[in-house]
Amino acid sequence: MMSDTIVRSSISVVIPVRNDRGRLLVLLDALELQTVLPHELIIIDSSDDSQSCDLIHKKLNSGSTPYVYKQIQGSYAGRSINIGANLARGDYLGFLDTKTIPECFWISSCMEQFKCSTLDVVFGKTLFVGEN
């Protein structure tokens, strides 16, 4: 019999977003398919329209991962990442953006590396989705 227990890590995943709704939805789907889920998602949105906000909230509310959503008008990726990192409550930070889609073992393999060593930084495998 398969267990329905959700395994959560202690990693907060920070995602800066700017006018990239379609790719964000793909990224959020990939995060829900992780073998170990994040502690929380931190989304810092600097999109030009409020349509992004509504769409993001709808998608996040349908998922199982707790989240923090903050709109910061006119922000750029580096500033958004710093804001997200300051809001995070997990023991570890993971950074993605709408062009980097994690493989399903991304969180679990990163967490495994931290358990087995005294590393300060771990990089996981993601798929880069560039411009069409």
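Colleague: Where does Asn19 lie?
Modeller: Asn19 sits in the loop between strand 1 and helix 1. Helices (H or I, at least four residues) and strands (E, at least two) are DSSP runs, numbered from the N terminus. This is a predicted model: local features need pLDDT of at least 70, side-chain atom pairs count only at pLDDT 80 or more, and totals for chains, interfaces and linings use all residues. Residues are numbered from 1 along each chain as its sequence is written, and side-chain values use heavy atoms, with hydrogens and water left out.

Colleague: Why is Asn19 called partly exposed?
Modeller: Its relative accessible area is 38%. Buried means under 20%, exposed over 50%, and partly exposed in between (1.4 Å probe, protein chains only). Asn19, at 38%, falls in between, so it is partly exposed.

Colleague: Is the phi of Asn19 positive or negative?
Modeller: Asn19 has a positive phi, about 55°, and it is not a glycine. Most residues other than glycine have a negative phi.

Colleague: What makes Leu33 exposed?
Modeller: Leu33 has a relative accessible area of 64%, so it is over the mark for exposed. Leu33 belongs to the loop between helix 1 and strand 2. Its C-alpha atom is 8.8 Å from that of Glu103, although the two are 70 residues apart along the chain.

Colleague: Why is Gly74 called exposed?
Modeller: The value for Gly74 is 64%, which is over the mark, so it is exposed. Gly74 is in the loop between strand 3 (67–71) and helix 3 (77–87).

Colleague: Which residues does Ser12 touch?
Modeller: Contact means heavy atoms within 4.5 Å. Leaving out residues up to four places away in sequence, Ser12 touches His39, Glu40, Ala88, Arg89, Gly90, Tyr92, Leu93 and Gly94.

Colleague: What makes strand 1 mostly covered?
Modeller: Seven of the seven residues of strand 1 (residues 11–17) are buried. Ile11, Val13, Ile15 and Val17 are on one side, with Ser12, Val14 and Pro16 on the other. Both faces are covered.

Colleague: Why is strand 2 called largely enclosed?
Modeller: Six of its six residues are buried, so the rest of the structure largely encloses strand 2. Glu40, Ile42 and Ile44 point one way, while Leu41, Ile43 and Asp45 point the other way.

Colleague: How do you know that strand 1 and strand 4 pair?
Modeller: Two strands pair if DSSP finds at least two bridges between them. Strand 1 and strand 4 (residues 92–95) have four bridges, so they pair. The sense is parallel. Ile11 is opposite Tyr92 of strand 4.

Colleague: How many bridges join strand 2 and strand 3?
Modeller: Five bridges, in the parallel sense. Here Leu41 stands opposite Tyr67 of strand 3.

Colleague: What makes strand 1 and strand 2 a pair?
Modeller: Strand 1 and strand 2 (residues 40–45) share six bridges, in the parallel sense. Val14 has Ile42 as its bridge partner in strand 2. For Pro16, the bridge partner in strand 2 is Ile44. From strand 1 the chain passes through helix 1 (residues 21–32) to strand 2, and this β-α-β crossover is right-handed. Right-handed means that, with the strands pointing away from the viewer, the path from the first strand over the helix to the second runs clockwise.

Colleague: What joins the side chains of Ser108 and Thr35?
Modeller: A polar contact of 3.2 Å joins them. A polar contact is a pair of N or O atoms within 3.5 Å; within protein, one must be able to donate a hydrogen and the other to accept it, and residues adjacent in sequence count only if both atoms are side-chain atoms. The 3.2 Å is within that limit. Ser108 lies in helix 4 (residues 106–116).

Colleague: Which pattern does the protein follow along the sequence?
Modeller: The pattern is β-α-β-α-β-α-β-β-α-β. That comes to four helices and six strands. Of the 132 residues, 39% count as buried.
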